[in-house]
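Here are my notes on this model, as numbered points. Have it open while you read.

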Amino acid sequence: MNTVEQLPAHVDKGKGRALEPTERTPLLGSSSTAIEEATVPADSRRRLRSTLTTVFLISLSICILGFVIIALLAWSYASRASHLKPEDILNDDLVFAGPDRVDVLNITDDGVWLNVRGRIGIDAGRAIDIGSDPDDGVFRDIWKTIGRWSVRTLDRVSVNMTTIRITPEYDTSVTLVYLDIPPIELPLSVDPPKDMSWLTPVSRPVHVRLTSNSTVVLQFLKDSWRRGALAVRAEVGQATIRGGGLNSESWRSNFRGKLSNIRTSIHIRLPSIPGLPHPGKNVPFPSIANLITLKSFNVSSEPDKLILHATASVLNPASPSFNLSVPSLPFVISVPNKNDTTPIPLASVSSVPFTLTHPNITLFLDGSVLPISTKSFSVISSFVTRYLSGEPNTILVSSPLLPPAYAVEAEFPAPIPRPQILRNVTIKDMKIKPTGSVFLASGIVQGRVVLPAGMHVGLDILRVLPDVLIFDGEVPPSPGPIQVQGVLMDKNKKKHADPDLPEEPPLPDPLPEHAFGHIRPDSWLPAVSVPATAEEGDGAAYAISAKVVDVPLEVLPGRQKEFSNFVGKVIFGSEGATAGIQGFAAVTVTVEGLPLHGPGRKDGEIVLSGLPFQGSVRIGKRSLLMGHEPNLEQVLDNLGLSIPL
């Protein structure tokens, strides 16, 4: 009998091993399982959104808070900057060292363009009070630290100013000079060192325009010298400030500002200049003659002009650290005209480019004599005569680049030692003959014309006019040469028909010792001149001669006795007698290359008068008795004279 064994049923007590899929396994599970699995990602997304929202809000809050903090910081810095006074910035925060060097770029009628080099910087930390301070608290230190970082990040600002007006501090109603400066970069610094090492080198062109009122400038210089310092006030209408450099456009350019009505006072103490009194304590302003010294002067002839070369020394008032380069500058030398307010231009010269040297600046000048009009003959003749006579002349120095009002009066010094233009003067073959109640003199005047050192010009001496005092014996020594004191004439003398003849000066008062006679022709004496060998240290030299024929010899007032003694020596002396001669001469010369023209004159003709000379001549018995008068004693009686026995 077959017995069927029944097996117990399988009970699943947990998760078992997954069954291997077969061909009959369904492709899709039950729907309940899919729903359970879909709920898991939805919860994750909600949690992610919540997390992101929280992060965003926190970040936004931080950003807003940071923005607010930055805005507050910026407002605090801007508030401090907005309350800055321009005067405080210029006086306390802006530091300029120099100028270290100034180069003259161009000179025009409108002013001078200079290139100024120096060192500059702004202590921004001091300006807005963000400099380091060990006494600051934590929060203030953090505030300053952020401010210093901001300034360093900004780095620099660009400033564009209107025209700067410079006035005397004591009178702002007048203007001394106008300055125009192109836009400039100003570097910013915080916590700079005590020295000047933090300053940034800068080089900028500056346009300088002087006021046309030279009286104001001259008075300001005089007052400043008396006070010992330059005290001026600088005024700027407006200054526009922009962050960053001049040629850069970045976020820094958004920082902009504007300052208006800027005014500040500037005081510069005048240095002591060697050779001059120390400025201050009401010391008067030195004359131009104390500042400029003419070292050498040379003039030479060319066929169509006179060439000038001169060397001058100028005191340098600047400090040794200051450097200046100046290009060639034109100048006009004029002579004051007593008969007219308009001076007479005499020469045009230009300086050789130069730089500053210490203690003096050496100027080299080159130029030529300007054409001289007919009406200027007498003024130029007087100028040359004074120079050749060893007397200084007043000149006016101006420049076509400056207004005429800035002409400076200076002294053209006389040559030292005093030149002796007429030398070795004598009267060869001198004859004195009695005629009627007078004595007439004849002979040949001879001498040498020697120009001062440096004057190498071609001369042709056409005529001379001697004015001679005659002495019994050699001319006695005197304290100084006889000076021409005026142009007064003796009322008893006849007037000369020649209008070109120099006026006769009065006799010296008192009369020199042993002088007894006076000779002066009534007309020019034709002269002949030839070049002569010049001695070392002299200018050009010429030998001159002129014939004197029957010129009256006037016995000086109160000197009849001296004349009688001299005649006695001539008559009774075995070798005659020596007569000293002293006086002045006028000469008419033509100067090669002198651009001087006038009706009836040769080119370059000029009259020189008042040239002193001295010499001697020996007169014998034959010279005195030669004539047609048979009785010399009768002539002497007519003159009220007697021959001492």
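1. Ala310 has Leu365 of strand S16 as its bridge partner. Strands S11 (residues 305-315) and S16 (residues 360-369) run antiparallel to one another, paired over 9 bridges; two strands count as paired if DSSP finds at least two bridges between them. Strands are DSSP E runs of at least two residues, helices H or I runs of at least four, numbered from the N terminus.

2. Helix H7 (residues 377-388) packs on the sheet, touching S10, S13, S14, S17, S18 and S21, where contact means heavy atoms within 4.5 Å. The direction of H7 makes about 115° with that of S17; axes are lines fitted to C-alpha atoms, for helices over the stretch in contact, and angles run from 0 to 180 degrees between N-to-C directions.

3. A caveat: this is a predicted model, with local features needing pLDDT of at least 70, side-chain atom pairs pLDDT 80 or more, and totals for chains, interfaces and linings using all residues. Residues are numbered from 1 along each chain as its sequence is written, and side-chain values use heavy atoms, leaving out hydrogens and water.

4. On to helix H5 (residues 214-227): its buried residues include Val216, Val217, Phe220 and Trp225, buried being under 20% relative accessible area with a 1.4 Å probe, protein chains only. Strands S4 (164-168) and S8 (229-243) are among what covers the buried residues of H5.

5. Now the ends of H5. At its start, a side-chain oxygen of Asn213 comes within 3.3 Å of the backbone nitrogen of Thr215. Just after the helix, Gly228 has a positive phi of about 85°.

Key: Buried means under 20% relative accessible area, exposed over 50%, partly exposed in between (1.4 Å probe, protein chains only). A polar contact is a pair of N or O atoms within 3.5 Å; within protein, one must be able to donate a hydrogen and the other to accept it, and residues adjacent in sequence count only if both atoms are side-chain atoms.
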